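Visitor: I'm new to this. Can you take me through what's on the screen?

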Amino acid sequence: MNEPVSWRIVPKVLHTADWHLGKRLKRFDLANEQREALERLLDVIDAEQPDVVVIAGDIFDVPERQPLSAIRTWTWITQEITRRAPIVAIPGNHDHAERLGYNTHLTRTSGLYILNDLEHAHEGLVLAGLELFGLPFHKPPRVRALLERDATEGASPIELDDFDYDTAMRHLVDRALGATRGGHPRVAIAHAFVAGSVEEDSSEDPIMVGGAGGVRASTLAAFDYVALGHLHAPHAASRHSHVRYAGSLYPYAFDEHPSKSVTVARWDDGASAGTRPEVWIVPLEVQRRVRVVADLSFAELLREGEALRSAGDPRSDDYLLASVTDRDPVPHAQARLNEVYPNAVFEQRWLDVAPDEAFDVPDPSRHSVEQVFEAFYTHVYGADERLDELERAVLREALQRLEGGRET
Ligand SMILES: [Mn+2]
């Protein structure tokens, strides 16, 4: 006789967002870092064994004509993840909702669910003992049109301001919760600017929400877990700790929160609607970091870079915003910096120009733009400095492009 089979349903969600595939940081292509971060994500999936992987929008960085490398990464990662667990994803404001999910009716059969249709956003998807609602990124006028279409004849007109994201979201939430099948814990996936409402915790939360573009955390709080995308730092939106941002895959600005992670939410066996999960985060470490150095002079920075380089320290390959403290112009700073920090961007916050050294702009009617620029260059870098051949070629090309641009 067979042993009785005991079915345990312990729903577990892995929540990630804001991949921005194809994104560049200044002049740097981040394709390798994104791929490395996604490999770490696969390691986390293997270790945590979630039942569902949720991606809360901004999968691509631009809505159309993504770089081919970004599309290849998406093809590869969706194959790898769906071998392990189904993906439920929504478009963010950077994604093109229709393009992203153009064949979702087919990909669903392989476990890739793109919930891109606002009209059907109230239809929950039941997976692994959870009811998931995808609330794709939307602008309020789109929601108003949807509600007007739904409205019965003779009903009062829908009052929804073009920039009132909170009310628009509240309508979508009501629509979803009104259609819920009940039973399972409810998960919303949304892409929006969400923070604590003003009345709720204005003392702790400096972000004023409810005005331009904001959605109150309380608007979404009736769900048992809310997987958010849009803000790039991993954090809970106000005191509602089950309303959370997973944060981005990699830092996409020099001053962005440098530690990246994914969020895991797990319910107990047999959890039902109204039960909140246990939540934790798992870091996603990528070798090349993004950082800012703002407290060193140019000479100090070069010394530090040389020391790191000769020690074989990988930090010399970091994406670095070098904001030096020098007040005098630093000749050829970018090129000299890149000899030790190949992935650094030079920036100088203060530049002292004494009043008696004011630049007399040569009469533009008697000088070409190139001559005016050359005079300015000599003024900044000193009488002995002239544009070299390469700099001159770059200047000419830039001027030509400007000329060309004017014609269109
Ligand atoms: Mn976004």
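**Helices, sheet and domains**

Guide: Helices (H or I, at least four residues) and strands (E, at least two) are DSSP runs, numbered from the N terminus. This is a predicted model, where local features need pLDDT of at least 70 and side-chain atom pairs count only at pLDDT 80 or more, while totals for chains, interfaces and linings use all residues. Residue numbers start from 1 along each chain as its sequence is written.

Visitor: At what angle do the axes of α9 and α10 cross?

Guide: The axes of α9 (residues 298–310) and α10 (residues 333–340) cross at roughly 25° and come within 8 Å. Axes are lines fitted to C-alpha atoms, for helices over the stretch in contact, and angles run from 0 to 180 degrees between N-to-C directions.

Visitor: Which residues of α9 and α10 meet?

Guide: From α9 there are F298, L302, G305, E306 and R309, and they meet A333, R336 and V340 of α10. Contact requires C-beta atoms, placed from the backbone, to lie within 7 Å. The α9–α10 contact has four nonpolar, one polar and three charged residues. Ala, Val, Leu, Ile, Met, Phe, Trp, Tyr, Cys and Pro count as nonpolar, Asp, Glu, Lys and Arg as charged, and the others, Gly among them, as polar.

Visitor: New topic. In what order do the strands of the open sheet come?

Guide: The order is β6-β5-β4-β1-β15-β16, six strands with mixed pairing. Pairing needs at least two bridges found by DSSP. From one strand to the next, the twist averages 20°.

Visitor: What packs on the sheet?

Guide: Helix α1 (residues 31–48) does, touching β1 (12–16), β4, β15 (261–266) and β16. Helix α2 (residues 68–82) also packs on the sheet, touching β4, β5 and β6.

Visitor: How do α1 and α2 pack together?

Guide: Their angle is about 5° and their axes are 11 Å apart. That makes α1 roughly parallel to α2. Among the contact residues are L38 and L42 of α1 and I77 and I81 of α2.

Visitor: And what domains is the chain divided into?

Guide: Domain 1 (12–283), domain 2 (288–352) and domain 3 (356–408). The bounds come from an automatic or database domain assignment. Over C-alpha atoms, the centres of domain 1 and domain 3 are 49 Å apart.

Note on methods:
Two residues are in contact if their C-beta atoms, placed from the backbone, lie within 7 Å. Angles under 35 degrees count as roughly parallel, over 145 as roughly antiparallel, 65 to 115 as roughly perpendicular and the rest as oblique.
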